[in-house]
Amino acid sequence: NWSQSPSTNLSTAGAKTVNLAACVAGVLAGESQYYVYVAGTGTAEAVLVTGGTCQGDGQPGTLQFTTVNAHPAGYTVGSASSGIQEAVIAARFRPTNPTGTLQSGKVVVPPGEFKAFARISIRASNMTVDFSGSIVECWMIDTCIYVGDQSVSNAFQDITLINPRGRPIIFNGQK
């Protein structure tokens, strides 16, 4: 789980580029279906990352996204999934000889309750995510944990979820 307090002006809604002091493991600007959570001031919201320079390598970088709400000075940008999405991203790799799709890795979500404000996407073949002893609280009107790729159904294979347990938080939620 990560959170930073950038100084970029978000006092008006719209397309933004924020500078992060360090792009921790799993924070990739080019990742499809990657969300961050903007909170602390204004109305908190999960936003889809649409670009930037973050490479998940601990170096400074940027994330681009579009806010719906204004966030005056003092806001934070952080994981929209209590760090679960970032762990899934960091656990995989892309083979180079021969080249292939993103794959492998095992993520163990420790016991406890984890808030997800945006969809958690599992996008790597041969990936195992062990949720034993944890509960993912789903704070969105969307699929809470999505396995695979929405546009290419066979892009990833052999994904195993062990003991996933969710708790819908949105009143009358259907997902």
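Helices and strands are here taken as DSSP runs, numbered from the N terminus, and in this predicted model S104 falls within the loop that runs between α1 and β8. The backbone of S104 adopts a positive phi of about 65°, although S104 is not a glycine. With a relative accessible area of 23%, S104 is partly exposed.

The loop between α1 (84–90) and β8 (106–108) also holds P98, and the peptide bond that leads from N97 into P98 is cis, with omega near -5°.

A further residue of the loop between α1 and β8 is R92, which is buried, its relative accessible area being 11%. A polar atom of the R92 side chain lies 3.4 Å from the backbone oxygen of R123.

S82 is located in the loop between β7 (76–79) and α1. Because buried denotes a relative accessible area under 20%, S82 counts as buried at 19%, whereas S104, at 23%, is partly exposed.

Technical notes. Residues numbered from 1 in each chain as written. Predicted model: local features only at pLDDT ≥ 70, side-chain atom pairs only at ≥ 80, totals over all residues. Heavy atoms only, no water. Helix = DSSP H or I, 4+ residues; strand = E, 2+ residues; numbered from the N terminus. Buried < 20%, exposed > 50% of the residue type's maximum accessible area, 1.4 Å probe, protein only. Polar contact = N/O pair within 3.5 Å; in protein donor to acceptor, adjacent residues only side chain to side chain.
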